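Here are my notes for your review. Please read them with the model open.

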Amino acid sequence: GEISAIAKDYTDSLHRTLGHIALISDRDAIVASSGAGKRDYAEKPLSADVERILENRQTVVLNLSAGLRMIPIISDDRTETYASEIVVPILAEIIGGLMLINRKAGTDMTEVDRKVAETTASIVGKQMEQ
(Lines give C-alpha, C1' and ligand atoms only; values in the text may rest on other atoms or scores of the structure.)
Protein backbone atom coordinates (compact mmCIF):
# COMPACT_ATOMS: atom_id res chain seq x y z
CA GLY A 1 0.00 0.00 0.00
CA GLU A 2 2.75 2.45 0.88
CA ILE A 3 4.52 2.13 -2.47
CA SER A 4 1.38 2.83 -4.49
CA ALA A 5 0.92 6.18 -2.73
CA ILE A 6 4.05 7.62 -4.37
CA ALA A 7 4.44 5.38 -7.41
CA LYS A 8 2.02 7.12 -9.78
CA ASP A 9 3.99 10.40 -9.75
CA TYR A 10 7.15 8.48 -10.64
CA THR A 11 5.58 6.50 -13.49
CA ASP A 12 4.04 9.69 -14.90
CA SER A 13 7.41 11.47 -14.78
CA LEU A 14 9.28 8.55 -16.35
CA HIS A 15 6.75 8.25 -19.17
CA ARG A 16 6.80 12.00 -19.83
CA THR A 17 10.61 12.17 -19.79
CA LEU A 18 11.63 8.95 -21.55
CA GLY A 19 8.52 8.16 -23.62
CA HIS A 20 8.34 4.52 -22.51
CA ILE A 21 5.49 2.73 -20.76
CA ALA A 22 6.46 2.98 -17.07
CA LEU A 23 5.32 0.54 -14.39
CA ILE A 24 5.99 0.18 -10.68
CA SER A 25 5.05 -2.93 -8.74
CA ASP A 26 5.08 -4.18 -5.21
CA ARG A 27 6.29 -7.77 -4.71
CA ASP A 28 3.19 -9.26 -6.34
CA ALA A 29 1.43 -6.89 -8.74
CA ILE A 30 1.59 -3.64 -10.70
CA VAL A 31 0.61 -0.69 -8.45
CA ALA A 32 1.14 2.21 -10.91
CA SER A 33 1.34 2.52 -14.68
CA SER A 34 1.71 5.33 -17.20
CA GLY A 35 1.78 5.40 -20.98
CA ALA A 36 -0.08 3.68 -23.80
CA GLY A 37 -1.90 0.58 -22.61
CA LYS A 38 -1.48 1.43 -18.94
CA ARG A 39 -4.90 -0.08 -18.15
CA ASP A 40 -3.63 -3.44 -19.44
CA TYR A 41 -1.22 -3.58 -16.50
CA ALA A 42 -3.15 -2.01 -13.62
CA GLU A 43 -3.22 -4.26 -10.56
CA LYS A 44 -2.20 -7.33 -12.59
CA PRO A 45 0.04 -9.98 -10.98
CA LEU A 46 3.71 -10.07 -11.97
CA SER A 47 5.02 -12.87 -14.16
CA ALA A 48 7.29 -15.54 -12.68
CA ASP A 49 10.15 -14.14 -14.85
CA VAL A 50 9.87 -10.67 -13.30
CA GLU A 51 9.53 -12.09 -9.78
CA ARG A 52 12.75 -14.06 -10.34
CA ILE A 53 14.60 -10.95 -11.58
CA LEU A 54 13.47 -8.95 -8.55
CA GLU A 55 14.40 -11.74 -6.12
CA ASN A 56 17.87 -11.94 -7.70
CA ARG A 57 18.26 -8.17 -7.22
CA GLN A 58 19.42 -7.67 -10.78
CA THR A 59 18.74 -5.10 -13.48
CA VAL A 60 17.78 -6.59 -16.83
CA VAL A 61 17.85 -4.65 -20.12
CA LEU A 62 16.41 -6.43 -23.16
CA ASN A 63 16.44 -5.14 -26.74
CA LEU A 64 14.77 -7.13 -29.51
CA SER A 65 17.22 -5.60 -32.01
CA ALA A 66 20.01 -7.42 -30.15
CA GLY A 67 18.23 -10.73 -30.68
CA LEU A 68 17.12 -11.01 -27.06
CA ARG A 69 13.85 -12.67 -26.06
CA MET A 70 11.38 -10.34 -24.36
CA ILE A 71 9.95 -11.52 -21.04
CA PRO A 72 6.36 -11.15 -19.83
CA ILE A 73 5.88 -8.42 -17.22
CA ILE A 74 2.49 -9.67 -16.05
CA SER A 75 1.26 -13.24 -16.09
CA ASP A 76 -0.98 -12.87 -19.18
CA ASP A 77 1.40 -10.63 -21.15
CA ARG A 78 1.91 -10.59 -24.94
CA THR A 79 5.66 -10.11 -25.34
CA GLU A 80 5.51 -10.20 -29.14
CA THR A 81 4.41 -6.55 -28.99
CA TYR A 82 7.59 -5.45 -27.15
CA ALA A 83 10.67 -3.95 -28.80
CA SER A 84 12.58 -3.37 -25.56
CA GLU A 85 12.31 -3.68 -21.77
CA ILE A 86 14.07 -2.78 -18.53
CA VAL A 87 13.33 -4.41 -15.17
CA VAL A 88 14.93 -2.91 -12.03
CA PRO A 89 14.32 -4.03 -8.43
CA ILE A 90 13.25 -1.44 -5.86
CA LEU A 91 15.37 -2.38 -2.89
CA ALA A 92 14.18 -1.81 0.61
CA GLU A 93 14.27 -5.50 1.38
CA ILE A 94 12.90 -6.02 -2.16
CA ILE A 95 9.65 -4.14 -2.02
CA GLY A 96 8.96 -4.21 -5.72
CA GLY A 97 10.18 -3.29 -9.14
CA LEU A 98 10.29 -0.63 -11.81
CA MET A 99 9.74 -1.63 -15.43
CA LEU A 100 10.06 0.33 -18.67
CA ILE A 101 8.62 -1.07 -21.90
CA ASN A 102 8.64 0.20 -25.47
CA ARG A 103 6.50 -1.30 -28.23
CA LYS A 104 7.80 0.82 -31.11
CA ALA A 105 9.80 -1.39 -33.50
CA GLY A 106 13.49 -0.53 -33.55
CA THR A 107 13.40 1.37 -30.26
CA ASP A 108 16.12 0.19 -27.89
CA MET A 109 16.58 0.86 -24.21
CA THR A 110 19.76 2.87 -23.84
CA GLU A 111 22.31 3.27 -21.08
CA VAL A 112 20.57 6.54 -20.15
CA ASP A 113 17.23 4.69 -19.81
CA ARG A 114 18.91 2.12 -17.55
CA LYS A 115 20.55 4.78 -15.36
CA VAL A 116 17.32 6.77 -15.02
CA ALA A 117 15.40 3.59 -14.11
CA GLU A 118 18.01 2.53 -11.53
CA THR A 119 18.16 6.02 -10.02
CA THR A 120 14.38 6.24 -9.77
CA ALA A 121 14.18 2.77 -8.19
CA SER A 122 16.82 3.80 -5.66
CA ILE A 123 14.90 6.97 -4.73
CA VAL A 124 11.61 5.07 -4.34
CA GLY A 125 13.39 2.47 -2.18
CA LYS A 126 14.91 5.14 0.08
CA GLN A 127 11.52 6.84 0.47
CA MET A 128 10.00 3.52 1.51
CA GLU A 129 12.67 2.99 4.19
CA GLN A 130 11.79 6.25 5.94
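**Notes on a hairpin and a helix**

1. β1 and β2 form a hairpin, with four residues between them. Helices (H or I, at least four residues) and strands (E, at least two) are DSSP runs, numbered from the N terminus.

2. This is a predicted model: local features need pLDDT of at least 70, side-chain atom pairs count only at pLDDT 80 or more, and totals for chains, interfaces and linings use all residues. Residues are numbered from 1 along each chain as its sequence is written, and side-chain values use heavy atoms, with hydrogens and water left out.

3. Strand β1 (residues 21-25) pairs with β2 in the antiparallel sense, over four bridges. Pairing requires at least two DSSP bridges between two strands. Ser-25 stands opposite Ile-30 in β2.

4. Strand β2 covers residues 30-34. Four of its five residues are buried, so the strand is largely enclosed by the rest of the structure. Buried means under 20% relative accessible area, exposed over 50%, partly exposed in between (1.4 Å probe, protein chains only).

5. Ser-34 lies in β2. Ser-34 counts as buried, at 2% relative accessibility. Its side chain makes a polar contact of 2.5 Å with that of Asp-12. A polar contact is a pair of N or O atoms within 3.5 Å; within protein, one must be able to donate a hydrogen and the other to accept it, and residues adjacent in sequence count only if both atoms are side-chain atoms.

6. Helix α3 spans residues 111-129. Its buried residues include Ala-117, Ala-121 and Val-124. On the other side of α3, Val-112, Lys-126 and Glu-129 are exposed. Thr-110 caps the N-terminal end of α3, with a side-chain oxygen 3.3 Å from the backbone nitrogen of Val-112.

Terms used: The expected span of a helix is 1.5 Å times one less than its number of residues.
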